[in-house]
Amino acid sequence: MSVTYIDAIHQAQLELLREDKTVFLYGQDIGDFGGAFKATKGFKEEFGPRVLDAPISEDAMIGMAVGAAINGMRPIVEMQFADFSSVAFNQLVNQAGTHYYRTGIPIPITVRMPCGGTPGSGPFHSQMVESIYAHYPGLVVVTPATVSDAYQLLKESVQLDDPVIFCEHKFLYRWLKSASIKGDGLPLGKARLTRAGKHATVVTYSAMVHEAVRAADRLAEEGWEIEVVDLRSVKPLDIDTVLASVARTGRLLALGEGFPWGGVTAEVVSRVVAEGFHLLDAPPLRLNAKDTPIPYHPDLWAAHRPTPESIVEKLRELLNL
Amino acid sequence: MPQVPIIMPQLGESIAEARIVRLLIAVGDTVVVDQEIIEVETNKATMGVTTLCGGTITELRGEEGEDYAVGTLLGILEASEEEIERTGSPVLGEREEETEKKFSKEEENLHFRSNDSSYEEPVLIEPSVRGLPVPAGVKGAHYISPRMRARMDELGLQAADISAIAGSGAGGRVTVEDLEKFLDYIQGWPRSSASPMRLAVADAMRRSWSRPFASVGLPIPMDKLLEYRSRQNPKPGLTLYVLRAFAIALSEEPTTAGFLIGDKVVHPRAFDLGVAVQVEDGVMVPVLRNVDQHRVSELAREYVELVNAGRERRLTPEQTSGGIATVTNFGTFGLKWGTPIPLPNETLILGLAAGIKTPKWSDEVGAFIPVTETELCLTFDHRVVDGGGAGMLLQRVGQLLQEPEKL
């Protein structure tokens, strides 16, 4: 019996609700409807008032959660789509992110952000948000790529006293399956070596981990051994694991599904250049989505985001530098 | 009538393209064979494109002020069958068939060539790739990646140390793997540790060699100097006379010994000259101060002391610093000429070769007479000095050495 990525998120919330009385869920249509992606299905029956339907105001949702956290609660807020969290931007970065610094009172909220592209979702239902939130101090930004990470990192996020932006990838919800929900127990803050190699390192996170592995499989047929590092959380960024990998391979491709201007991939390249210049055998490269709104049409969408084909192409460029 | 191409010719070894400065003909003009019809300019020179045969210009594709790759079809002229036969000129029709055949065979490699038949660019002449310069941005054997640099630092290697390795990396660059393979390869070879002196010379020469050097030589008669010197007691070293003449000549033209730093030529502050002293496994260069202001007789004692101190390798840093040029007497090894390398902090080095007795025709005597001749060899930084300046400097040194009593 296999577990999907969304099952893992469902299971983690179920356990959190059962284990900790201060945990409650808040989001649009998460009660009787069970959430837009059914991540909270059946919770209303078991937990009643601890599963609260929210008005269509992301600003109000986060504001209420921050208030509850001040009073000792551990709210999990479900954004219907990560794209709409921009409406709550002020509450997230100005209130939640700075509260502990200002008052000494922690804000243990976890905001679940269904992010990333699926075919036909277009500009408002496909975006990646990890880069903008990682920019602000005071927020932890988690980007699980595997079923067990979705489960374990969500549980750790809720237990953490800092506000956490939990970026769960919609494409992985039902596509990604695993035999077990239990992982290797790697804690939040540590990156994982998903695939070992010696010719180049791909540093990535979230759904792109799987695209990178597929690209590495193709290049393996030609004898290239590509190492893939899954960051798991983009903030904190486990630069030690990244540098150790670049030390082995000498070449870096930073891969992300977000837009190309700045962001996590730029941060990875910048850190590696600054701290590991002597390890580099070639200029580090980046591959991101295109610098345009995300298109609706599945063909255009496929051309917009990195794919195994475009990753292979970029890796070839890197290997020939 | 057959059509003859007008092509941008190969204008030089490293010329990939040229700019049309002026079209000297127009469509409809009648031309003769070898007539200059287009004036083109490269980064090296202005040249003319000439006709392959006589005829009438029927088409001009090249425009003034535009750049065209070598081999580009700039125009077409029509010529009679007889003219083509007489000059052996290529004709467009034939070439077209030839090149088309070639392309279909190599189609797979020419992935940039579209199979789309809706618009087909007429392929008449295949651009020549002969003599193309290395494209900008190619790393080449001289590119050393930060990683490679770090590994070399770890091993204490310099770029010159890995010149033996043919790189297998992109653009022929040497990779860390190439380096490791090479080190494995020489692992079993006999070896010895280089002495600190050897390493010091190696370091100085390597640093120095980053500059464009040129060498010139001038044979000079030595008889007057040898005769004069033999009458002195004690006899000053022959090299000292050359040092003195060199210092005087330099003081007359101080920029010759100048240093090019950015857009400034830095002139010498004083004419302090070094003298190369061969020691075991290396060279020491003690420096004699203000050689232009003291006569040989005044310098003789200090010169001997410095040379002896050099041989015994007990020179102080002060005694070896501040030189602006060096004299090296490799004639003591019987060498007839050489191209010595200046020290990294100097622009010039003057070599003194072996004196050799040769017969020279003398108009005065009306017969061949024996003359002891030696070669003065000057190596100079060509950024600072040209062959002419170096030649004049040598001439002056030679001239001064003909009047040893004045030195």
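I located B:Pro234 in the loop between α6 (223-230) and α7 (238-252) of chain B; helices (H or I, at least four residues) and strands (E, at least two) are DSSP runs, numbered from the N terminus. The model is predicted, with local features needing pLDDT of at least 70 and side-chain atom pairs pLDDT 80 or more, while totals for chains, interfaces and linings use all residues. Residues are numbered from 1 along each chain as its sequence is written, chains are lettered from A in the order in which they are written, and side-chain values use heavy atoms, without hydrogens and water.

I noted that the peptide bond from B:Asn233 to B:Pro234 is cis, with omega about -5 degrees.

I then turned to the interface. Nine residues of chain B are in contact (heavy atoms within 4.5 Å) with 14 residues of chain A. I recorded a buried area of about 780 Å², that is, the accessible area (1.4 Å probe) lost on putting the two parts together, summed over both. B:Pro146, B:Arg147 and B:Arg173 supply 65% of the area that chain B buries against chain A.

I looked up the one salt bridge between the chains, defined as a side-chain nitrogen of Lys or Arg within 4 Å of a carboxyl oxygen of Asp or Glu. B:Arg173 forms it with A:Asp281, the closest N and O atoms being 3.5 Å apart. Helix α3 (residues 146-155) gives the most to the chain B side, with four residues.
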